[in-house]
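Hi,

Here is the structure for you to look over. My notes follow below it.

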Amino acid sequence: MTRATPMPDVITIQVPFRVVKRGGRKEIRLPYGAIAARKPNSTLVKALARAFRWKRMLGSSEFATIAELAEREGIAPSYMTRVLRMTLLAPDIVEAILDGKQGPEVTLGRVLEPFPACWKGQRATTSG
């Protein structure tokens, strides 16, 4: 079988999008209504992993204080305290971060700011 019409050498596809800055990097924004696969924010995932690792290290009695652990890790105790707070996030928020389904308002900078201790309050804060 042969084709009656030959294939063109060049095919042009136009996709509307815009470039926006988010967290110091550029992202492509698709048009309204377009659905894109989300991928986890590696910065948030790494911070969560560190928070739970540090919590486990403090709970194991290997380190008596946050200051001792911070010195060993070579970071400021105040930063460690802010990251450790991430272990208090509601389980569904942690899961959303790990699955890449958190909203655009959930950034490391915002998560390191003080947030409500109650999970209901956290959900209200992260829902936009």
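Leu44, Ala47, Leu48, Ala51, Trp54 and Met57 are the buried residues of H1. Buried means under 20% relative accessible area, with a 1.4 Å probe and protein chains only. Helices are DSSP runs of H or I with at least four residues, strands are E runs of at least two, and both are numbered from the N terminus.

This is a predicted model: local features need pLDDT of at least 70, side-chain atom pairs count only at pLDDT 80 or more, and totals for chains, interfaces and linings use all residues. Residues are numbered from 1 along each chain as its sequence is written, and side-chain values use heavy atoms, without hydrogens and water.

The cover over the buried residues of H1 includes H2, H3, H4 (91–99) and H5 (108–111). Contact here means heavy atoms within 4.5 Å. At its start, a side-chain oxygen of Asn41 comes within 3.0 Å of the backbone nitrogen of Thr43. Ser61 follows H1, with a positive phi near 70 degrees.

**Helix H3**

H3 (77–84) buries Met80, Val83 and Leu84. Down the axis of H3, these fall within an arc of 100 degrees, so they line one face. The arc is taken from directions between the helix axis and the C-beta atoms. Their cover includes H1 (42–59) and H2 (66–73).

**Hairpin**

S1 (18–22) and S2 (25–29) pair antiparallel over five bridges. Pairing requires at least two DSSP bridges. Val20 has Glu27 in S2 as its bridge partner. Two residues separate the strands, and Gly23 takes a positive phi near 60 degrees.

Regards

Definitions and conventions:
Buried means under 20% relative accessible area, exposed over 50%, partly exposed in between (1.4 Å probe, protein chains only). A polar contact is a pair of N or O atoms within 3.5 Å; within protein, one must be able to donate a hydrogen and the other to accept it, and residues adjacent in sequence count only if both atoms are side-chain atoms.
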